[in-house]
Amino acid sequence: MKVHLTTLGCPKNQVDSELMLGHLSAAGIPIAERAEDAECLVVNTCAFIDRAREESVTTILELARLKERGRCRALIVTGCLTQRYGSEILRELPEVDGILGTSNLPAIVDLVQQAAARHDWASAAPPGYLYDATTPRLVTARVPYAYVKIAEGCDMGCTFCAIPSFRGRHRSRPLADVVREVERLAARGIQEAILVSQDTLAYGRDLPGNGDVGDLLLALGQTRMPWIRPMYLHPAHVNDRLLDKWASARVVPYVDMPVQHADDAILRSMRRAVTARRMKDVVAAFRAAIPDVTVRTTVLVGFPGETEAAFERLLDFVDEVRFDRLGVFTYSPEAGTPSPSFPGQVDPETAAERAARVQEAQDAIAWERGAKLVGRVVDVLVDGPSQDPAFAWEGRTAGQAPEIDGVVYVRDRDGVSPGRFTRVRVLEVEGYELVGERA
Ligand code: SF4
């Protein structure tokens with residue numbers, strides 16, 4: 001029975017998909033590239049916010065049509081949606097034949113093997129699963145980067161976030177095991193390891209004697225992996241010791257630090273354990289310690305209690321800190337979290353309008369910062385042929401993370417190889433994208 005897997009959601013889900021494909025391949029189950037060619041379809045879902053849940057359900061229903069008019073015989077749903085809602089999914093979506101949460105990923109093999117014969121089964125386990133370097137993993141994407149999950153779960157308890165309720169408490173992989181996986185990826189030609197987790201800077205805290213995230217970065221610097229990119233840095237965890245280790249570790253000059261807001265009352269209400277003043281100092285300290293660092297953040301607007309004055313404080317903060325990149329989300333009340341019962345709920349139109357205002361302010365800052373790159377020669381990791389037919393190739397500088405930041409379009413057709421680094425002279429800036437030619 002051929003299996004096709006569709007992945008939705010974030011890079012952490014992408015890793016889970018690759019692990020499931022690894023388990024299926026190791027069990028001798030063939031993988032189909034196209035959903036139309038598979039007898040069994042697996043959808044690895046996201047349940048982060050309502051929009052993500054809607055996309056998950058739409059995708060499930062679209063793929064379910066292949067059961068009526070295609071060769072598909074079974075539809076299995078995995079990931080955050082099923083971890084969160086369990087067998088409710090089977091009741092609500094009769095098209096679904098089986099479910100698996102985010103734990104117990106190896107059980108995907110049993111589910112697929114039984115898929116043709118059985119209906120309405122589920123495999124659920126409390127969140128606790130963590131893979132290691134020996135777990136089979138099939139990296140299907142034809143790109144030179146791979147996500148490496150260094151920890152799972154989160155203990156922070158932000159009042160808007162449902163993740164800890166279905167991804168569980170924070171747990172780290174042993175340092176040596178992460179190093180082993182990164183070495184193996186480097187040996188397979190991967191050029192960039194992107195370290196992901198819910199709370200990257202909490203890495204190691206739960207493992208006595210394991211070392212902290214600074215130790216992990218120093219150890220990864222000894223591997224042959226050219227680029228190491230840690231993501232999701234909670235500002236409350238930054239201290240001088242970490243900054244010292246960071247500055248001497250061989251990681252790309254890129255800091256991804258979600259600030260979420262900049263009004264202290266809102267930050268308290270979000271339970272972010274940090275003040276606006278402190279976050280400003282943290283960004284300044286990273287900029288002082290790392291030459292040419294790119295700083296990315298995310299903010300959440302429309303949180304309960306966000307008055308116009310509180311929102312203006314966020315705008316002032318964005319204007320003053322001048323992030324290189326910024327993603328903005330509007331608040332969505334998540335069941336099972338404290339914030340939906342908070343006073344001062346903001347209506348969705350106001351939240352959307354505030355999101356647009358932050359984005360507009362940030363666009364001007366980002367383009368001004370991007371323009372400074374024109375004329376400079378930068379190292380670019382070539383991801384592959386350009387999606388834009390006007391250019392031959394596209395890749396990224398160290399200041400551009402895949403899938404969330406812009407890209408560099410390279411004009412030359414010759415002398416550039418996918419999956420390799422090349423020196424590029426930046427000729428122009430188009431919004432968040434750079435255009436250049438081989439230097
Ligand atoms: S740090 Fe906050 S927002 Fe991030 S996963 Fe943990 S609880 Fe959620």
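Thr6 sits in strand E1 (residues 3-7); helices (H or I, at least four residues) and strands (E, at least two) are DSSP runs, numbered from the N terminus. Thr6 counts as buried, at 18% relative accessibility; buried means under 20% relative accessible area with a 1.4 Å probe, protein chains only. Beyond neighbours within four places in sequence, Thr6 is in contact (heavy atoms within 4.5 Å) with Val42, Val43, Asn44, Thr59 and Leu63.

The model is predicted: local features need pLDDT of at least 70, side-chain atom pairs count only at pLDDT 80 or more, and totals for chains, interfaces and linings use all residues. Residues are numbered from 1 along each chain as its sequence is written, and side-chain values use heavy atoms, without hydrogens and water.

Around the ligand (a heavy atom within 4 Å) are Cys154, Met156, Gly157, Cys158, Phe160, Cys161, Pro164, Gln198, His234 and Arg272.

The second largest pocket has a volume of about 720 Å³. Its lining holds 30 residues, with Asp292, Thr294, Leu373, Arg376 and Gly399 nearest the centre. Helix H13 (348-371) gives the largest share, four residues. Domain 2 (145-295 + 303-323 + 333-347) and domain 3 (377-438) both contribute to this lining, so the pocket lies between them.

The two residue sets divide by class as follows.

Methods. On a 1 Å grid over the protein atoms alone, a cavity is a set of points where a 1.4 Å probe fits but cannot get out, and a pocket is an open set with protein on both sides within 12 Å along at least five of seven lines; lining residues have an atom within 4 Å of a point. Grid points are joined across faces, edges and corners, and a volume is the space filled by probe spheres set on the points. Domain bounds come from an automatic or database domain assignment. Buried means under 20% relative accessible area, exposed over 50%, partly exposed in between (1.4 Å probe, protein chains only).
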